[in-house]
Amino acid sequence: MTVHPISRRLGPDTLASVPAAVARPRYDRGGLDVGVVHIGLGAFHRAHQAIYTDNALNAAPGPWGICGVSLRTPDVRDALAPQAGLYAAAVRDEDGERLRVVGSVLQTLVAPESPAAVLARLADPRVRVVTATVTEKGYCHNPATGEIDDRNPDIRRDLANPTQPRTLPGFLVEALRRRRAAGTPPFTVLSCDNLPTNGEVTARILRAYAALLEPDLDHWIEDRVACPSSMVDRIVPATTADDRARIAAALGVEDAAPVVTEPFSQWVFEDRFPTGRPAWEAFGAEPVADVRPYEAMKLRLLNASHSCIAYLGYLAGYQTVAETVADKAFERFVAAMMDDEITPSLRMPAGTDLTGYKAALLARFANPALRHRTWQIAMDGSQKLPQRLLETIRERLALGLSFDRLALGVAGWMRYVRGVDETGAPIDVRDPLAERLRRLAEDAGPVAGRLAPALLSVREVFGDDLPANEAFVAAVTSALDGLFDRGAWYCVERLG
Ligand code: CS2
């Protein structure tokens, strides 16, 4: 009987059959300890931190294998476990695709199935770093204030069942409690999510949760647990069935968990790891004393533009970021928003080439080899708007400066979360607040003068200050009026 090669699966036994042009781990995976636990084993981690670690291990093997934990579904574990954690990363641009097999993920766990195994791994003294990509909502905080949301049902549930947690703070604090009880030094927690001062946010949430769990644990965490901040950047669209088929053909074996990404990658972090870390900087990661200017640059330029492209591009009928910015009206709009409304808010260290950074961003958005869906980026807007658009707007309001394009982005979100597109078709709005937003929008109806104030009443997004600011309310209402009246494309074109 002949076995068709593609029916075989990527794994340690089939790696030798993968074409030689595909790079692969040069270290002995069997001899590695798990030194890093990563929470949130999505495509972004596999295309970013796991690759930096793979590079570090290639250069100098050390005790830094990764145990990846999924907080919700078993999908990634189901895909990766039969492959012993191996998967391909495809780097794509208009010149083609380069593949490598990544080996740094040694173990995968699914938190809802085995919380005890996750806690045991986190309490293991060999684990010295915990990294996290749990998305904005995974911090269970109020996005406008950055404080823990102690009414969050998952947080309440974890506090009532601390040995069977579900949330990031629930797992980390219980593991830290066990480490303290056992006299084991704490791990360092490195947030890799798109939040400004993500280390401070993490530290605050861990302390607040600990204070609710056990007296004095919050002080121990404050004194002993380092939570450096980091800025991460790499565009990683969701992998599609087409990607999997193309990559399997190139590898000669099936891979159920490949990731597809761009050549660009950046990682800037505060270098506070009292118990050590992999040598990520040897491969381009940038340890710095203060990461805040880099976070602001990335969130306000890249992510803000992404969100505007997502809402306004989707409403204008575009499916992907590349399609949207191929429309010159959109490209001009994004460039003008970055130059006129965002750049003046950035205070970069001397020598930073913001002009080059912005030109590179436009080229990255235009990468025709990535199908980055506007719908994907539009997800969870209630958690993203504050740090992407509203902070910059606040600064401009304080200086009496205009912000018409940023206001159009906010109005685009309002128009989008109504859940009906410009042709009358339904939009599948994904957001932790989706239901509440939809009800507010339904009661208000498609009238800017009613919809804008209705949505501005969501204080977790807009805080108390913006709904009370006349200039802000007027700008957003007028932008939303334009969207209802003339449609997204016209409004974008007018401001481009
Ligand atoms: C995107 C980000 O989905 C989104 O909200 O804006 O995931 C973006 O692609 C990354 O931050 C790029 O580093």
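Modeller: Start with helix α4. Its buried residues pack against β1 (34-39), β2 (65-70), β5 (105-110), β6 (129-132) and α6 (168-182). Those buried residues are P115, V118, L119, R121, L122 and A123. This is a predicted model: local features need pLDDT of at least 70, side-chain atom pairs count only at pLDDT 80 or more, and totals for chains, interfaces and linings use all residues. Residues are numbered from 1 along each chain as its sequence is written, and side-chain values use heavy atoms, leaving out hydrogens and water.

Biologist: What makes E136 count as buried?

Modeller: Buried means under 20% relative accessible area, exposed over 50%, and partly exposed in between (1.4 Å probe, protein chains only). E136 has 5% relative accessibility, so it counts as buried.

Biologist: Why is the contact of E136 with R388 called a salt bridge?

Modeller: The term requires a side-chain nitrogen of Lys or Arg within 4 Å of a carboxyl oxygen of Asp or Glu. The closest N and O atoms of E136 and R388 are 3.7 Å apart, so the pair meets the cut-off. E136 sits in the loop between β6 and α5 (153-160), R388 in helix α15 (residues 381-399), and 252 residues separate them. R388 is also buried, at 4% relative accessible area.

Biologist: What separates D243 and R246 in helix α9?

Modeller: About one helical turn, because they are three residues apart in α9 (residues 241-251). D243 is buried at 9%, while R246 is partly exposed at 28%.

Biologist: Which parts does the pair of E341 and R405 tie together?

Modeller: The pair is a salt bridge at 3.2 Å, N to O. E341 lies in helix α12 (residues 328-342) and R405 in helix α16 (residues 404-417), so it ties together parts 64 residues apart in sequence. E341 is buried at 2%, and R405 is buried at 14%.

Biologist: How many salt bridges does a search of the whole structure find?

Modeller: The search finds 38. E174, R177, R178, R180, E214 and D216 are linked in a network of them.

Biologist: How is the chain divided into domains?

Modeller: Into domain 1 (15-288) and domain 2 (292-495); the bounds come from an automatic or database domain assignment. Their centres, taken over C-alpha atoms, are 29 Å apart.

Biologist: How much area do domain 1 and domain 2 bury between them?

Modeller: About 2,400 Å², with 60% of it on carbon and sulfur atoms. Buried area is the accessible area (1.4 Å probe) that two parts lose on being put together, summed over both. In domain 1, E136, P143 and I235 lose the most, together 23% of what that side buries. Four salt bridges cross the interface.

How values were computed: Helices (H or I, at least four residues) and strands (E, at least two) are DSSP runs, numbered from the N terminus. Contact means heavy atoms within 4.5 Å.
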